[in-house]
Every structure is written in C-alpha cells, then in structure tokens.
Amino acid sequence: MSDDQPRQPKDLQGLLKFCLEATKDEDAGGGGAVPDNPEQVLEAMDPQQRSWLEDALKDMSVDVIQQLGNGIKILMSDATDLDEKEETLDCLEDWLGNIDMAVNFHKIGGFACIRKCLLSQHPSLRTGAAHLVAEICQNNEYCQDKLVQEGFLELLCNQLDSDDDEACRVKALYSISCLCRDYTPGREAFSKLDGWSIVVRAILSDIPKLRTKGCFFLGVACDDNPKTVEELARMGLVQQLASILQVPLELTHEHVLRLLLTLVQHSQDARKEAIDPALGIESALKDRLVEGQGKDEFRESVAHITNLMKLCSTKDD
C-alpha cells in the first residue's frame, strides 16, 4: 500500500472520513476540507446514505477477514519466501492494532502463525512476531488472556533470555511488558515462570536497550503492584542494581537509579539493604554524583542520586 494512501477504515466514522478524504479534490467549490467530526456528519446524514455506508463497511470487513486468512496461510507455509513473510507481518500489524480485528484473528486460528514465526530460524520473523504480539495485546484483555493460556509467555521468556539476536531479545521484552502491564493474570503467570529473574539478567547484560527497557518495565510493575516491589526486593535486586553503579556514570544509569529509587521508596526491606555499608551504595552514589554534576545529559541521574543519598545515608537523621 502506498504511503500517501488513506489508511483503510475500521468503523463507520472511519469509513466516512476515508470517503471524504478520497474525494475531497472533487468536491464542489474545490475547498477540499474534511470535517473534523465525522460523527456529526453521520447524525445529519440521509438514512439511505447511512445504510449504504453500513453495507460498504460490512463488505470491507469480510474482505479484511479474507486478508487475515491469507496472511495466516503465507506465514504457515514453508514454501513462502522470507521477504513475503516479513511483508505479511507488517501488514498484519496495521490491521491487528484494532481490538476487534485482533480478536477475530485469534478466532480464525491466527495465533498459530505467530507461534511458528517466534520459533523460526530467521531473526526477522522472530522479531516481527514478538512485535505483533505486543501490538495485539495492548488494552485487549481477550487477547492477553489467550496469549497467556496458549503459552506465549514461555516462548517470549525464552527469546528474551536465550536468543542470540539482540533485536529479538529487545522485542521479546517489549511484548512481555505489554502482556503483563495492567493485566494481573499476565503478571502472575510471568512471576510463576521466574520471569522477574529473566528481566534482571537482561538489565545486567551489556545491551543498553535491554537495560533501559528492563528497568522501565520493572519500575512500572512496582508502581502497579506493591507485591511486585517486595518480590523483587527478596530476589536481591537492590544488590544487583548496586553492582551496576560501581562503574563510571553512563546514560543507562539514569534508568537503574530510577528503579533503585522506586524500590527504596516503596520497600522497607529494600531500604535496609541499601543502607548496609557492606553494599557500598552510599560511596558509589557520591562518586557518580561528582561525575554527573553540571552535565545536561546526566541531569535526571543527578536528581535520582540526590534523592537516593537522602534515603540511603547511614548517618542518623
């Protein structure tokens, strides 16, 4: 599909706007303006015209289901070349951001082709499939539920922990985050898989994107659920984060410091561990503060360090 073509509509208002955009240059007067509120236009529309639009949308929906079915066939076929499969994943991403389409995709057996791509020998398909999972499950409890029930968390955890391709690991982490965020059953299933340990290993890796996204994910999880804070504290996350801060200040430290601050603020056990002189957090923070002061790129890091030093000081209040 050409980049300057209007995106195909997925509801009645979208269809009206699609039609108006496609014909705006032919409108009488040549103004070419498209109404900002298609819903108001629909309310004022002649019933016969509205009925025509509804029939057109119904026909289009049937066509979309057919396209989804064709996409499944392409991805499931061992005879299809890699380029076509990559293009198909891109097309599916356009459609499946819509909640109803994502639900329909599952109902016609579409998750089987995602699983096949996640297990592919080609990194581009593993990456594309993981990204598609993320797009499908955002704000879509039906798909989140089905993905957890059908074992996709296990596949994604394995990809995050063991894949030899960096992009695949990053996309797996993104998908896991979307599956677990604001969805309690997903978070609980992830915890039972020892998923938090997998994310901690990703944070400890030398891949900046994994450290950044891993810290963000754990920080959001802690903000969402106090039990997660205590679980991470019991795992020794404070000590793991402290080890990262023993080296000279770098850009990824901002996210490490933010996560450490979240733990210390919300868990007494985490604060007690951070205060322990044997861990060396206070001296490490002082060193990192000297390195970051006066440098714009470390402004957030300096703010986090300052707050942490107040909380982790071994001196009496």
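Predicted model: local features only at pLDDT ≥ 70, side-chain atom pairs only at ≥ 80, totals over all residues.
**A friendly note on an all-helix model**

1. For the overall picture, the chain has 19 helices and 0 strands. Of its 317 residues, 44% are buried. Among contacts with a separation of 6 or more, 68% join residues 24 or more positions apart.

2. Now to the aromatic residues: the whole structure holds 5 aromatic pairs. One of them joins Phe 105 and Phe 111; the ring centres are 6.4 Å apart and the planes stand at 55 degrees, so this pair is tilted. Phe 111 is buried too, with a relative accessible area of 3%. Phe 105 and Phe 111 belong to one aromatic cluster with Phe 152.

3. What about Phe 190 and Trp 196? Their ring centres lie 5.0 Å apart with the planes at 90 degrees, which is over the 60 degrees needed, so the pair is edge-to-face. Both Phe 190 and Trp 196 are buried. Trp 196 turns up again around Leu 218: setting aside neighbours within four places in sequence, Leu 218 is in contact with Trp 196, Val 199, Val 200, Ile 203, Leu 232, Leu 237 and Leu 259.

4. Helix α19 (residues 299–312) is worth a look in your viewer. Which residues of α19 are buried? They are Ser 301, Val 302, His 304, Ile 305, Leu 308 and Cys 312. Viewed down the helix axis, these buried residues fall within an arc of 160 degrees, so they line one face of α19. The face turned away from that buried side carries the exposed residues Arg 299 and Lys 310. The cover over the buried residues of α19 includes α16 (253–266), α17 (268–275) and α18 (281–292).

5. Between two of those covering helices, α16 and α17, there is a loop that holds Ser 267. A polar atom of the Ser 267 side chain lies 3.1 Å from the backbone nitrogen of Ala 270. Leaving aside neighbours within four places in sequence, Ser 267 is in contact with Val 229, Glu 230 and Ala 233.

6. Most residues other than glycine have a negative phi. Asp 182, though not a glycine, has a positive phi of about 60 degrees. Asp 182 sits in the loop between α10 (166–180) and α11 (184–192) and counts as exposed, at 64% relative accessibility. Asp 194 also has a positive phi, near 60 degrees. Asp 194 is found in the loop between α11 and α12 (195–203), and its relative accessibility of 43% makes it partly exposed.

Technical notes:
Residues numbered from 1 in each chain as written. Heavy atoms only, no water. Contact = heavy atoms within 4.5 Å. Buried < 20%, exposed > 50% of the residue type's maximum accessible area, 1.4 Å probe, protein only. Helix = DSSP H or I, 4+ residues; strand = E, 2+ residues; numbered from the N terminus. Arc of directions from axis to C-beta. Polar contact = N/O pair within 3.5 Å; in protein donor to acceptor, adjacent residues only side chain to side chain. Phe/Tyr/Trp six-rings, centres within 6.5 Å; stacked < 30°, edge-to-face > 60°.
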